Amino acid sequence: MKTSAVVLTVLCAALAAGGCVKNYPTREAVQGASAGTLKLTNAPADARLMVDGRDLGSVGALGGGAALTPGRHEVVVSQGGRVLHAQTVIVAAGTQVVVVLP
């Protein structure tokens with residue numbers, strides 16, 4: 001009985017150390033944390049900016065960027081129904097993240 005408990009404990013520790021358990025950044029914002037800024041360069045003014053599936057509008061209307069809560073975000077820039085660029089960014093509070101379109 002004790003042997004099976006020891007084997008189970010060792011097995012769980014090996015799985016955790018071997019990479020089966022992963023920590024991923026979350027989208028949770030810290031209470032009171034200041035927003036970060038996403039800036040786009042080389043994006044056409046009539047391109048659309050989508051962040052986390054939400055359409056934020058045309059790049060020209062946003063002045064080339066947008067305020068985002070701290071955390072991980074999926075950024076997609078499209079024009080005429082065609083995706084020009086897609087990227088995951090991690091925004092820290094009070095910082096600016098620059099996405100350069102090719």
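Trainee: How much accessible surface does the protein have, and what share of this surface belongs to carbon and sulfur atoms?

Mentor: Accessible areas come from the Shrake-Rupley method with a 1.4 Å probe, and for residues only the protein chains shown count as cover. Here the accessible surface is about 6,700 Å², and carbon and sulfur atoms hold 60% of that surface. The model is predicted: local features need pLDDT of at least 70, side-chain atom pairs count only at pLDDT 80 or more, and totals for chains, interfaces and linings use all residues. Residues are numbered from 1 along each chain as its sequence is written, and side-chain values use heavy atoms, with hydrogens and water left out.

Trainee: Which strands form the open sheet, and in what order?

Mentor: Strands of a sheet pair through backbone hydrogen bonds, either parallel or antiparallel. Strands are DSSP runs of E of at least two residues, numbered from the N terminus, and two strands pair if DSSP finds at least two bridges between them. In this protein an open sheet of four strands runs in the order 3-2-5-6 with antiparallel pairing. Strand 3 (54-58) and strand 6 are the edge strands, each pairing on one side only. Strand 5 (residues 71-79) and strand 6 are joined by nine bridges in the antiparallel sense, and Gln-79 stands opposite Arg-82 in strand 6.

Trainee: Is Gly-94 buried or exposed?

Mentor: Buried means under 20% relative accessible area, exposed over 50%, and partly exposed in between (1.4 Å probe, protein chains only). Gly-94 counts as exposed because its relative accessibility is 56%. Gly-94 sits in the loop between strand 6 (82-91) and strand 7 (96-100).
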